[in-house]
Amino acid sequence: MTLTVAVVTVAAGMQPAGACTGITLRAKDGSRIVARSIEWGGSNLDSRYVVVPRGYAQQSYTPGGKDGMTFTSRYGYVGMSVEQPEFVVEGLNEVGLSAGLFYFPNCGRYEEFDAAEKETSLADFQLVPWILGSCKTVEEVKEAVRRVRIVSVDPRASTVHWRFIDVSGRQIVLEIIDGTPVFYENELGVLTNAPGFEWQQTNLNNYVNLFPGTAPEQQLGNVRLASFGAGSGFLGIPGDVTPPSRFVRAAFYQATAPQKATALETVFQGFQLLNSFDIPVGIEFPAGQVPVDVPSATQWTSVTDITNGAIYYRTMYNSTIRSIDLRKIDFSQVEYRALPLDEIKRQPVVSIDIE
């Protein structure tokens, strides 16, 4: 697959779904956990996990080819890529900075590419790997972004936006509006896609009536009204898969989740919460027009333990949770690698023998 085809396939072709959902959790022991899903029903994204050592050099793509900004990793990191190993869309570095790319269709606008500025031009899909290799804190992220020109490799491609979280728990969202980087403090810890982050937060006020638990009985004239079952306090929460609706659900599910004692319990909780955001591939397309045979539009879900330096993931092919412990990697010695998330694209089944 050529670069242009890959970028347009991932960024423009993903526009109908654009269904990334991100949440943030904290364990009672203080561990900070971030989780996210990534969706597209148009094709297999050929996702891989990428291990990048310190001192690894890369060059950014531009509309003219692979002739943009060069950068070398100060910090080692582990990431998850789509379509091309360079396109890391989620990752964690060895000093505890987490970074993720989320689709942002029909919103924002990058700077126009200027060939005279190509040495400081960085493709949007390569911002995550550059930041992971360069920065330790979100404040460093803000300073770094102001030194580069973030550009699209192909004008047909969708824009994206990003979230960054450091070990302190501070989280920011980056959106590029009319060519200018705009940062938002994300105290809520939720992110989906379009519209913009500020709009999404404002929209939460439309659901001020929601509360956890069961609505109390009430009398309507001479008629008694009572809930049919538990959870009626959330009656009216949007159930569709559009980004605004997912933002609302993620915010309420996250806020009402019981706090777990340990990091690992909270990691499992992150997967359980995001189970509610898995998207069946058939709902994204008109009846009979699903373009590819994939098990789910939700291609993978990852949960990152920022505090303890580990990434966990499961995929549409295999719901078994796998993990990569960054503390066990010597980033001064490890070799660069990019390997498929699934060596075998089939869900394992454990047989229970009855005698």
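A salt bridge here is a side-chain nitrogen of Lys or Arg within 4 Å of a carboxyl oxygen of Asp or Glu. Arg36, Glu90 and Arg163 are linked in a network of such bridges. The model is predicted, so local features need pLDDT of at least 70, side-chain atom pairs count only at pLDDT 80 or more, and totals for chains, interfaces and linings use all residues. Residues are numbered from 1 along each chain as its sequence is written, and side-chain values use heavy atoms, with hydrogens and water left out.

**Salt bridges**

The whole structure holds 15 salt bridges.

| Pair | Distance |
|---|---|
| Glu94 and Arg54 | 2.8 Å |
| Asp178 and Arg109 | 3.7 Å |
| Arg170 and Glu185 | 2.6 Å |

Accessibility is relative: buried is under 20%, exposed over 50%, partly exposed in between (1.4 Å probe, protein chains only). Asp178 is exposed at 53%. Arg170 is partly exposed at 27%, and so is Glu185 at 38%.

**Core**

A nonpolar core is a set of buried Ala, Val, Leu, Ile, Met, Phe, Trp, Tyr and Cys residues joined through side-chain atoms within 4.5 Å. The largest has 88 residues. Phe164 is among those with the most contacts inside it, as are Leu127 and Ile131. Contact means heavy atoms within 4.5 Å. Not counting residues up to four places away in sequence, Phe164 touches residues including Leu127, Ile131 and Arg170.

**Gln269**

Gln269 is buried, at 6% relative accessibility. Leaving out residues up to four places away in sequence, Gln269 touches Leu25, Ala257, Pro258 and Lys260.
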